[in-house]
Amino acid sequence: MAKYRVVVTDDRYGSYREENDVLSELGIEVEVHDFKNEAEAKSVLKDADGVLVNLFPLTREIILSMNNCKVISRYGVGYDNVDIDAATAKEIWVSRVPDYSMEDTSDHALAHLFNCVRKITYRDRMIREGKWNLHKDWPSFRIAGKTLGLIGFGNISKTLFRKVSGFGLGTVLVYDPYIDDAAIRKAGGTPSPLEELLKQSDYISIHAPLTDETEAMIGSSEFRLMKKSAVIINTSRGPIINEDALYSALKEGEIAAAGIDVYKTEPLPMESPLRSLDNITFTDHAGWYSEESIIELKTKAARNILEVLKGNKPVYPVNSVR
Ligand code: NAD
């Protein structure tokens, strides 16, 4: 029997081969659950040594009731469903996987950009209705020579930046208050205040985390600054854009189009007025996903657990406990 118990709190994958491969070094096979409530979580996690968590909320109450846990490993970049202060108080490491989907999410942002510019999904919909010669409906402009604005310049944004370097863009403006202008310039971008970026960009792609500062940072007054031909892409977090303001901007022609992967409420509610618009394309918070990224995510999440159970720090710590 293995010395340690490692519990999966919510089952989104069905198979746990990668986790078990990594943890087999300590003879561990993960125990998969799909907790429906706090009471169930408390009773199973009471003496668990490690916890792999996806979207299930690991609240203060649950964490304080865990008597044996040494590490919580969140499957993903963000960790807002884990009470970090409670974990730190209990000397439990919290870890995450910050770098598993840079390729996939940047591909996804690019796919949205091309779709908004070349209107692939719109044309597809219209052709199915028997329509043709669709360029008369809606002008398309070329990408070469235009200005791209990147909000946030971390892992995903930089990967996107590398990918667009062959498109002949005129300028890439970057707004990231936490990165030195010199570092942005060194990477080939042009640092810009947010307002200038919004005014000058033909295409805007958001890659900032959701924080108090970024929540609703794009609202009515920001849309009014943008070009009427502007395209906005959001693959970061939904609440960064005020959805009512997005609806008005698209409806009133303040901007041309939007490609959206993330929403204030997910799944996007059936009654959302955004669904009635032709100039928005939706995806289902799928930026992170590819078959390769899932394997990388599962392997790295399990490595965080393995390292702590072997007496080390997690590979990607969120807090510090000793
Ligand atoms: P990252 O931490 O590498 O980069 C985020 C960047 O945003 C940092 O450089 C930071 O300085 C900057 N930033 C912070 N506050 C800002 C502000 N007020 N204004 C502008 N920039 C600001 O993160 P990443 O891996 O590039 O991911 C970016 C976001 O994408 C994540 O926070 C996550 O929410 C989201 N994401 C979504 C998916 C998806 O499936 N759609 C997948 C992965 C990540």
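Which residues does Lys310 touch, not counting residues up to four places away in sequence? The answer is Glu25 and Leu26, where a contact means heavy atoms within 4.5 Å. Before going further, a word on the model: it is predicted, with local features needing pLDDT of at least 70 and side-chain atom pairs counting only at pLDDT 80 or more, while totals for chains, interfaces and linings use all residues. Residues are numbered from 1 along each chain as its sequence is written, and side-chain values use heavy atoms, leaving out hydrogens and water.

Lys310 itself sits in the segment after α12; helices (H or I, at least four residues) and strands (E, at least two) are DSSP runs, numbered from the N terminus. With a relative accessible area of 38%, Lys310 is partly exposed, a class that falls between buried (under 20% relative accessible area) and exposed (over 50%), using a 1.4 Å probe and protein chains only. Its C-alpha atom is separated by 42 Å from that of Ile260, which is 50 residues apart from Lys310 along the chain.

Val321 also belongs to the segment after α12 (291–309). This valine counts as buried because its relative accessibility is 11%. Leaving aside neighbours within four places in sequence, Val321 is in contact with Thr88, Glu91, Ile92 and Trp93. A separation of 54 Å lies between the C-alpha atoms of Val321 and Arg125, which are 196 residues apart along the chain. Glu91 is found in the loop between α4 (84–89) and β5 (93–95) and, at 53% relative accessibility, counts as exposed.

Another positive phi, of about 50°, occurs at Asn133, again not a glycine. Asn133 lies in the loop between α6 (120–128) and β6 (147–151) and is partly exposed, with a relative accessible area of 41%. A further backbone feature is the cis peptide bond from Glu266 to Pro267, with omega near -5°; Pro267 lies in the loop between β11 and β12 (280–282).

The interior comes next. In soluble globular proteins, nonpolar side chains tend to be buried together. A nonpolar core is taken here as a set of buried Ala, Val, Leu, Ile, Met, Phe, Trp, Tyr and Cys residues joined through side-chain atoms within 4.5 Å. The largest such core has 27 residues, and those with the most contacts inside it are Ile151, Ile218, Phe223, Met226, Ile232, Leu246 and Ile255. Two or more residues come from each of α9 (194–200), β9 (203–206), α11 (243–251) and β11 (257–260), with α11 giving the most, four residues. Beyond its neighbours within four places in sequence, Ile218 is in contact with Ile151, Leu198, Ile206, Phe223, Met226, Ile232, Ile240, Ile241 and Asn242. A second, separate core of 25 residues includes Val22, Val30, Val97 and Leu309.

Residues up to four places away aside, Ser106 touches Ser101, Ile156, Thr159, Leu160 and Lys163.

Finally, the ligand is surrounded by 26 residues, the closest being Asn155, Ile156, Asp176, Glu213 and Trp288; a residue is near the ligand if one of its heavy atoms lies within 4 Å of it. A polar side-chain atom of Asp176 lies 2.7 Å from a ligand oxygen atom. Polar backbone atoms also take part, with Trp288 at 2.9 Å from an oxygen atom of the ligand and Gly287 at 3.5 Å from one. The protein covers 88% of the 860 Å² of accessible area that the ligand has on its own, as given by the Shrake-Rupley method with a 1.4 Å probe.

Notes: A polar contact is a pair of N or O atoms within 3.5 Å; within protein, one must be able to donate a hydrogen and the other to accept it, and residues adjacent in sequence count only if both atoms are side-chain atoms.
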